[in-house]
Amino acid sequence: MLKALFIYLSKARWARQIVTRWGFARRAAGRFIAGDTLDEAITSVRALNARGFNVTLDHLGENVSALSDALRATDDYLVLIDRICGADVRANVSLKLTQLGLLQDLQACQDNLSCVVHKAQACGGFVRIDIEDSSTTDRTWQVYRGLRSQGLDNVGVAVQSYLYRSVDDVKKLLDDGARIRLVKGAYSEPANLAFPLKKDVDANFDALSRMIIDAALAAGSRPVSADGRVPPMMAIASHDPARVEAARAYAERVGLPKSALEFQMLYGIRQDLQEKLAAAGYPVRVYVPYGTEWYPYFVRRLAERPANVWFFLEHLVRG
């Protein structure tokens with residue numbers, strides 16, 4: 001119930017207008033967001049690189065209302081890729097297709113993404129398509145396959161374990177040799193589309209982990225690239241120690257090298273687990289969002305964990 005409320009609020013314009021005027025809300029969001037500007041984001045990337053972490057950068061902004069906004073977002077990502085290449089940092093980019101016009105024009109969205117992926121390809125970079133709510137899933141796969149048909153292989157996707165359909169989706173994506181980030185899912189979905197119980201979401205996450213690990217092993221156990229920009233086929237994106245340990249144990253049992261199993265976590269969350277995995281020899285990538293459109297991302301973080309809500313309320317009390 002609480003998660004559904006926060007997901008609703010993340011999309012409500014009236015709530016955004018109120019909350020973004022609260023100075024304490026922006027200060028609280030600073031735990032999860034690297035800053036408003038690209039310069040601030042690059043500073044955070046350098047600090048994370050120095051601690052042994054790779055990074056994926058997300059320029060916040062989703063569900064644009066016009067194609068002109070999607071074109072501006074595309075230009076922003078082209079600038080971001082230029083900075084990553086010029087700054088020589090261990091980073092790639094993540095983006096949402098609703099930021100590039102998915103809800104307005106499918107072909108325009110694909111063209112925008114193609115520009116970004118070609119730009120990244122020119123300097124050995126990589127682009128990850130973030131998965132959004134289930135209403136966009138089929139169109140997301142359509143855009144992704146459109147780019148793969150152009151011969152672009154420096155683009156990957158994310159899959160949500162709470163959706164019933166994800167087993168079939170993963171099978172098809174693995175047939176294409178996709179690089180997959182596996183997540184539980186951060187949106188509110190109806191019970192006819194998604195597992196309503198956490199235990200079932202977790203069980204499906206572990207089953208999908210095993211599928212992708214097996215595929216990564218069969219494909220030659222490609223490691224993360226030497227410059228930290230291109231991930232291996234398998235990326236476990238979870239802050240749940242049980243899911244992390246299940247993936248580690250299975251990978252060890254079947255013989256997948258550590259370099260071919262990347263763990264991804266969000267900026268500002270479970271830094272202790274990030275450190276532990278890096279110390280154990282696994283590649284760890286931190287998802288670093290930045291930008292002024294922080295509201296939907298921040299509210300989804302509140303929806304995920306009660307501890308994040310208490311963190312927000314503490315800032316409310318402090319003012």
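Counting disulfides, meaning pairs of cysteine sulfur atoms within 2.5 Å, gives one. This is a predicted model, in which local features need pLDDT of at least 70 and side-chain atom pairs count only at pLDDT 80 or more, while totals for chains, interfaces and linings use all residues. Residues are numbered from 1 along each chain as its sequence is written, and side-chain values use heavy atoms, leaving out hydrogens and water.

Select cysteine 85 and cysteine 123: their sulfur atoms sit 1.8 Å apart in the disulfide. Cysteine 85 belongs to helix H5 and cysteine 123 to the loop between H6 and strand E3 (127–130), so the bond ties together parts 38 residues apart in sequence. (Helices, H or I of at least four residues, and strands, E of at least two, are DSSP runs numbered from the N terminus.)

Next, pick cysteine 109, which is in no disulfide; the nearest cysteine sulfur, that of cysteine 115, is 11 Å away. Cysteine 109 is buried at 0% relative accessibility, where buried means under 20% relative accessible area, exposed over 50% and partly exposed in between (1.4 Å probe, protein chains only).

Which of its residues are buried? They are Ala70, Ala73, Thr74, Tyr77, Leu80, Ile81, Ile84 and Ala87.

Finally, step just past H5 to aspartate 88, where phi is positive, about 55°.
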